[in-house]
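Here is a brisk report on one protein model.

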Amino acid sequence: MSERCIQVTELPLASGKRLGRVTLDAPSSLNALSFNMAVQLEEQLRHWAERDDIDAVWLEGIGEKAFCAGGDIVALYKAMREGEAGPGKATGEYFTLEYRLDHFIHHYPKPLIAWGAGYVMGGGLGLLAGASHRVVCESTRVAMPEVSIGLYPDVGASWFLNRMPGRCGLFLGVTGAQLTARDAVFVGLADRCIAAERREQVIADLQAMPDRMLSHTSVAQVLRQHEQASMAVMPEPNVQPLFDTLQALTDFDDDKTVLAEIKAYSGDNPWLTKAAKTLAQGSPTSAAITLRQLRRSKRWSLAEALRSELDLSVRCTQLGELQEGIRALLIDKDRQPKWHADPLATDDPAWLDAFFEPAFPAHEHPLRALKD
């Protein structure tokens, strides 16, 4: 039997129905989304979706540090080292499961409240972004930091980064810059900012709602009240005050210039300085992949984006850049990755093109059944 990676409880509601509460339970990895965790979470969510006595679902991470700090990239590294990278192998199965779960959350038939306290990164953002009620706290740190490991923003980011104000999504995608709670709301990744200490009271208030059914409207009423009492503890935003600067840094006609301008930032804003440094130290291939993927997916549906990301992610596990990035950051921890030469500087389209070769024939694609 697989180790249990989630905790499950059902809380009584005043209406006589129940609130399903599921807690990601892997504190040693900051609740990283492992294969087993994703299997168990999907099974539980589907079970509750089919039950008439479950009105709504509450999703959270155990502990104070993280909702979910990302996918289980250490397991991905092991799979790549053991020759399990590719379609029909361990890496392909992991990304297929993850993206199917993300899509299901986006289309969940009942109110789904995601409590995004602490780190919400990579695969964790895939879980948060699709919930119908997305809560962030003063401790929340949201990011898609894949440029630092040789990947690119996935879990539907090809879809949601393109829907952010202006070119904020482009900037966040290539720099991995962290967002505060107010930033997450501004760019459309969250709905409410609520103080972390209010979690149990929010749940108690949901339980006490006298409605015949706990609806999207009644959930929103409870969350709104707690948000209004929480704003004083929220950290200041970065993105909205810097919106015009972000637009200026990314307003160029070719990818090479966009990346060069961001890396050349020399102002006195520490958040921008850190973002520029992260991009400069990250994988040049990842940055180039991110820009191409965002450009090609601009008008895609979520389902189209996830199908494309599955192909692209599987190729990333086969071509070496991701394996090297994880090695340097989390395995050997030397923080000295040997990245492939910058394909934009060396004019090496063949290297980039290899990542965009379909990993699956369209008629056999594992996510072909996803609906828009």
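## Salt bridges and burial

Asp 53 is partly exposed, because its relative accessibility is 29%. This model is predicted. Asp 53 forms a salt bridge with Arg 51, and the closest N and O atoms are 2.9 Å apart. Arg 51 also pairs with Glu 10 in a salt bridge, 2.7 Å from N to O. The cut-off for buried is under 20%. Glu 10 is partly exposed at 26%.

Another bridge joins two helices. Arg 295 meets Asp 255 in a salt bridge, with the closest N and O atoms 2.9 Å apart. Arg 295 belongs to helix H13 (residues 284–296) and Asp 255 to helix H11 (residues 255–263); the two residues are 40 apart in the chain. Asp 255 is buried, with a relative accessible area of 19%.

The salt-bridge count comes to 20. Side chains of opposite charge can pair when their charged atoms come close. Some bridges join up: Arg 21, Glu 60, Glu 64, Arg 199 and Glu 200 are linked in a network.

| Pair | Closest N to O distance |
|---|---|
| Arg 51 and Asp 53 | 2.9 Å |
| Arg 295 and Asp 255 | 2.9 Å |

## Helix H2 and its two sides

Which residues of helix H2 (residues 73–81) are buried? They are Ile 73, Leu 76, Tyr 77, Ala 79 and Met 80. These residues lie on the same side of H2, because they cover an arc of only 165° around the axis. An α-helix has 3.6 residues a turn, so residues three or four places apart point the same way. Lys 78 and Arg 81 are exposed on the other side of H2.

What do the buried residues of H2 pack against? Their partners are helix H3 (90–106), helix H14 (302–318) and H15. After H2 comes Gly 83, with a positive phi near 75°.

Tyr 99 lies in helix H3. Tyr 99 is buried, with a relative accessible area of 0%. Leaving out residues up to four places away in sequence, Tyr 99 touches Tyr 152, Asp 154, Val 155, Leu 306, Glu 309, Leu 310, Ser 313 and Leu 367. Tyr 99 and Cys 5 are 94 residues apart in sequence, and their C-alpha atoms are 18 Å apart in space.

Glu 42 is found in helix H1. Is Glu 42 buried or exposed? Glu 42 is buried, with a relative accessible area of 7%. Its contacts, again without residues up to four places away in sequence, are Leu 97, Arg 100 and Leu 101.

## A nonpolar surface patch

Val 74, Leu 330 and Ile 331 form a nonpolar patch on the surface. Together they have about 210 Å² of accessible area. Leu 330 is in helix H15 (residues 321–331). Leu 330 counts as partly exposed, because its relative accessible area is 34%.

Leu 30 is not a glycine, yet its phi is positive, near 55°. Leu 30 is placed in the loop between strand S2 (18–24) and H1. Leu 30 is partly exposed, with a relative accessible area of 26%.

Arg 335 also has a positive phi, about 50°, although it is not a glycine. Where is Arg 335? It is in the loop between H15 and helix H16 (349–355). Arg 335 counts as exposed, at 60% relative accessibility.

## The annotated span

For residues 20–356, UniProt lists "domain: Enoyl-CoA hydratase/isomerase" in an unreviewed entry. The end C-alpha atoms of this span lie 40 Å apart. The span is 49% helix and 10% strand.

Methods:
Residues numbered from 1 in each chain as written. Predicted model: local features only at pLDDT ≥ 70, side-chain atom pairs only at ≥ 80, totals over all residues. Heavy atoms only, no water. UniProt positions renumbered as here; feature names shortened; annotations may be inferred. Helix = DSSP H or I, 4+ residues; strand = E, 2+ residues; numbered from the N terminus. Patch = residues over 30% accessible without salt bridge, like charges linked within 9 Å, V, L, I, M, F, W, Y side chains within 5 Å. Areas by Shrake-Rupley, 256 points an atom, 1.4 Å probe, with all protein chains shown as cover. Salt bridge = Lys/Arg side-chain N within 4 Å of Asp/Glu carboxyl O. Buried < 20%, exposed > 50% of the residue type's maximum accessible area, 1.4 Å probe, protein only. Arc of directions from axis to C-beta. Contact = heavy atoms within 4.5 Å.
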